[in-house]
Amino acid sequence: MSATVSSAAPKRPVSKTVGIAALILVVLFLLAYFVATSDPFIRGFVLPRIGAAIHAKVAADRVRLSPFSSVEIQNLKITTTSPTPLLQAQTLRATYSLMDILRGRITISSLLIENGTVEILPGASGQTTLDPILKSGDAASPTPAAGGSKSKRALEMNVAQASVKNFTVRRIQVNAQGETESLLLSNVEATVASLATGKPATVSLAARWLLDQAKAGKVEGQFQSDWKLTLNVDGLPDSVEGGARASILGATGGFSVAAGLSPSLQVALTATECRQALFQLEKGGKPVSSLRAQGPLDIRKREARLKLAMDGVDRAILNALGASSGIDVGAGVVSASGQLDVANAGQAFSWTLEVRAQELNLSRGGKSTPALQIEMSCGGSADLAARKGRIDPFHLQATSGGRPVLQAALSAPMDLNWGGGEAAAKEATLELALLDVALADWRAWLGTWADSGRAKATVRLTAKRGGKDILIENQVEASDLSLPLGNVPLKPATLQIAARARLQNWTQASIEGFQANLSRSGQPAIQAQATGTFDATNGAFAVKSSVALSPAIWNESAPPQLLTMVASAEGRWETAGKLTLSQGFLALPPTPRAATNQVRVRGALDATHADALEGAWTLEAGTFDVTSLWEAFRGGRESEAQTETNAPIAFPRSEPAASRWPVKSIRCDVSVARLLCGDAALSDLVAQASAQGGQIQVKPLRCKVGDGAVEASAMLRIGSDPLSYEILWRADRIPIEGFVNVFNPAMRGTVKGDLTSAANVKGVGVTGANLRRSLAGNASLLLTNATILIPTTGKRVWILPLDLNRIAALLNLKELTRSPVTDVRLKIEAGQGRIQLEEAAVRSEAFLATAAGGVEIASDLGQSTLSIPIDIALSRELTKRVKFFSFSPPPDEAYSKLPSFVSLGGTLAKVETKTDTARIIGLTASAAVGLAGSAATDLVGAAGKTVGKAVGGLGNLLGARRADTNATTTNAPSKSFNLLNLFKKKQQTPDPK
């Protein structure tokens, strides 16, 4: 008998395995729950992903989460594009029902946000720090699928209590002029209670507010609002009842007229009717204006028919509306009534409106208009979905003193169709007429040029093809004008303007003709013409214009000839802010030296980002002769009476504020083969100018002048505080005769020579304190091969700063003025708080005048001290003829130095010429009792401006303001010939005796 023994191991019960697995899952679930709800996990994992979803950075100091019922966050911060958080909240606490939310019912037992701020700041490209979050919300909005949509589930909401406590909201924005405007809400308290679908809820909001606009001023106040509302299942209100009231507590600037006003709003509406919507303004407890609306409406369908009425809009309200533009309403009351119909889910509108204004009187800048009576009736409709509309016939009339001054009328309904379909519509014409009015009555708007004259104008707008073809015609005529153009006022002047423009298909605009003629006493002064096209579909444009100017604008006695300039431009403008100029030119009349005589321009500008302009431009010309333009614009200047004043020099006491241009990078390249102006000529002119933020640079700048050449560069950093600058200049053997002939025709043929000069100047700031620390550099000037004929008409002739005619008369040496100046030298060094005149010399065959010295720069620039001795030497031959006591010329020198008797001293604010009267008397045998009087005191003149003005001031040592003294005095300046003013007008002031 045999036996079998089993060797298999006993099996584990299935129930035990399932139990172990379940235990592991529970442990894992609990572990995941505690990890997922832990503060480190939420702050390190959840909040960053929430921030990424809303394009922001979300952070908190502590998060306590009970997923099914509550959450508490301490020191919550949401930051977008600025280092300053968009939202900060010390505490955010909420209790809710997660299970209800998962079932589609929003159940919140309590929500509290307290002790926080909201900062909405300006960002790049005109955006704000709130925009990233708003855009993320738009991107997350679902797009309905084509072919239908599922039925919308009813919204169930139950918010027992929600509140915001002790919050501050600030919004800062920058307007188009670069001015900062801000709105501040402080002590914000908001409460929502019992907000549940189909049940009445209460909402309250209170805060203080401050509006600060750069130019208009400031206005502050407080407001309180309380509402009762009931929401339907769509989240829309079935009924709203309540109101809001604000009090203006203080106002400055243009808003001061709003001080004491109290606006209020009362609303009572249901889902089917607007029982009352009343906006009212009170002042001193009395109503001053109100706007009412009432009538049937359907909130769900977004349809309404509302009657509107506006009563008693008086001076206080109109002044508040015009505060920012400086408009003041001296009298007048405005009222209006009308009806507004809304249909097709808010896509279709129609309206009627009647407006009446009585005794409306407007003032600006202390000047007022006549009292006006205005009546207007109009109406129209618009269908946004169909992209079409209609303007009904309307009438507008304004009268003053019972006499019509403005009329407007539409003859028939004007259909407008800005969509793709054609519209069969009748032609309609809108005509606006300004009747014969005295311009002086409207100086508040037209400016001081409107002190005289009368004007009338008509504008006619004709619409065809449903507004797809609009023709605009304009006629303006003004007579008996007095226009401050040029040096001689155009009086009496007549202005005539005629224009014709067309808009087709709402995309193609054209100027078919524009003409403007300005004349004086029947003689033409300015004539302008222009044509152009613009296509909005691709941004292409083309413009051509011509302007003819008469020199009579600047010189009443000039011949009635016209100078014609022609300009054209072609390119593309993209609505995003990009301009491309493919070709453009400015042409002057051809001359024998310049057959085409035009300058060409092309380039591009990217204004997509308003604070970071980019562009590159090129300006090119072959031979460009501006002689005719120069002569036209400078006409009559030689005959002008020239006067100088002894007004004190204004020295800067503070640095200009640092500024940054809204420029990322703009460059302009200039290339001109020959630039001609009369006898002056430049050739091979090349220059490049660029701007980047707060830095402006010109480098290089090169050209040839005759056989000589000029090379220069400059750098100005306006973005630094204080500003800084670097200037390099070098001119080699520049013939100056042509420039003198052009810019000072009265001295034609009397000045010749070759100019060599150089400058290398660096500095930081413009005040004395900064210049003392930073100004460094040098400048030099050398005029050789010179022939400068000194006028001998009794006129004062100042060179280095000597009145040569006075000296010649004093010493009885006419040779001093009869001998031409043949050489001029100047050398200046700046550094270590001092501007040193190393050398200044004027030489002729008859005399040699020299000066050397300097200016000690003081913290107060005007108090910078001068110490500059001046020496005079006569030629050997001339010295022998002068009857000086005990004086004989050195045997081995060409010039004999006179004993020193004059120097410049004092300060830049009060330059003093110090003379040794006793030495002057001892110099000449013809000395008399009156020698120490007026004759001696007129020997020299003083100079001094500033550095910035100060370097120019030392340059003025070659002729500028004169301060004559016997000992140390200052007198009013006299007109004179000045070597450094060779290119200025010849002065006509006689020499006072």
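Reply: Asn-770 is found in helix α9, residues 768-774. Helices are DSSP runs of H or I with at least four residues, strands are runs of E with at least two, and both are numbered from the N terminus. This is a predicted model: local features need pLDDT of at least 70, side-chain atom pairs count only at pLDDT 80 or more, and totals for chains, interfaces and linings use all residues. Residues are numbered from 1 along each chain as its sequence is written, and side-chain values use heavy atoms, with hydrogens and water left out.

Me: Why does Asn-770 count as buried?

Reply: Buried means under 20% relative accessible area, exposed over 50%, partly exposed in between (1.4 Å probe, protein chains only). Asn-770 has 13% relative accessibility, so Asn-770 counts as buried.

Me: Which residues is Asn-770 in contact with, leaving aside its neighbours within four places in sequence?

Reply: Contact means heavy atoms within 4.5 Å. By that test, Asn-770 is in contact with Glu-655, Pro-722, Val-764, Gly-765 and Leu-775. Glu-655 is 115 residues apart from Asn-770 along the chain, and their C-alpha atoms are separated by 9.0 Å.

Me: Why is Phe-68 called partly exposed?

Reply: The relative accessible area of Phe-68 is 47%, so Phe-68 is partly exposed. Phe-68 is found in the loop between β2 (62-66) and β3 (70-79).

Me: How many helices and strands are in the chain, and what share of its residues is buried?

Reply: The chain has 15 helices and 50 strands. Of its 993 residues, 38% are buried.
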